[in-house]
Amino acid sequence: MVAGLAALTSGCQRPAPYATIQIEGRNYAFGMPRTAAPGLTAFRFVNAGTVRHEFQLFRFTKGISADSASRLLAADNVSDSAAEMQGGVLVAGPGETVRQQLLDSLKAGDVYGIACEFRDSAGAPKHSRLGMFAVMRVE
C-alpha cells in the first residue's frame, strides 16, 4: 500500500521544497485541515492520544466527492474500486511524533481518505468505527 508515496526521514538539513501538513491523532479523531493546496506535500503524524494510533493515507478514485468519501469511511465500506492502490501508513505510540513523513504530489480535485484501523483490544471496534477517520480535498 506504500507504492506512490515516499517516506522521508526528518534528518534532512536542506530547506524543504514542499509544504508540510501536520496530522494529529487523538482518541478517537484526527486534528487536521479539511483542504490542502496542490503541490508536493509532506504529511507529518503526531499522536496526541493515550493509545497507539496510525495514520493511513490514500487517494479516492476520480469522481468520488468528499461527501461520498466521508459516507464510505463512516460506513466502513471503502471498496477496492473506490480507492487507488497507493497510499502510506505512519504509526505512533501515545504521545509520540513519527520521525518519518509521507510525501505526495497533490493535484487539484483529488480527495484523500485518512483512517486509523487499530483496535484497543481483540474484541474492540476499529478506531475508524469510533470516528477516527477524515477526508481532505485538494483545492
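How many bridges join β2 to strand β3, and do these strands run parallel or antiparallel? In the predicted model examined here, 3 bridges join β2 to β3 (residues 29-31), and the two strands run antiparallel. These strands form a hairpin, with 2 residues lying between β2 and β3. Within this pairing, E24 stands opposite G31 in β3.

Strand β2, which spans residues 19-26, is also joined to strand β5, spanning residues 39-47, and in this case 7 bridges are found and the strands run parallel. I21 stands opposite F43 in β5.

With regard to the chain as a whole, the secondary structure comprises 1 helix and 10 strands. Of the 139 residues that make up the chain, 41% count as buried. The accessible surface of the chain comes to about 7,100 Å², and carbon and sulfur atoms account for 51% of this area. As for the contacts in the chain between residues at least 6 apart in sequence, 70% join residues that are at least 24 apart.

How values were computed: Residues numbered from 1 in each chain as written. Predicted model: local features only at pLDDT ≥ 70, side-chain atom pairs only at ≥ 80, totals over all residues. Heavy atoms only, no water. Helix = DSSP H or I, 4+ residues; strand = E, 2+ residues; numbered from the N terminus. Buried < 20%, exposed > 50% of the residue type's maximum accessible area, 1.4 Å probe, protein only. Contact = heavy atoms within 4.5 Å. Areas by Shrake-Rupley, 256 points an atom, 1.4 Å probe, with all protein chains shown as cover. Pairing = 2+ DSSP bridges.
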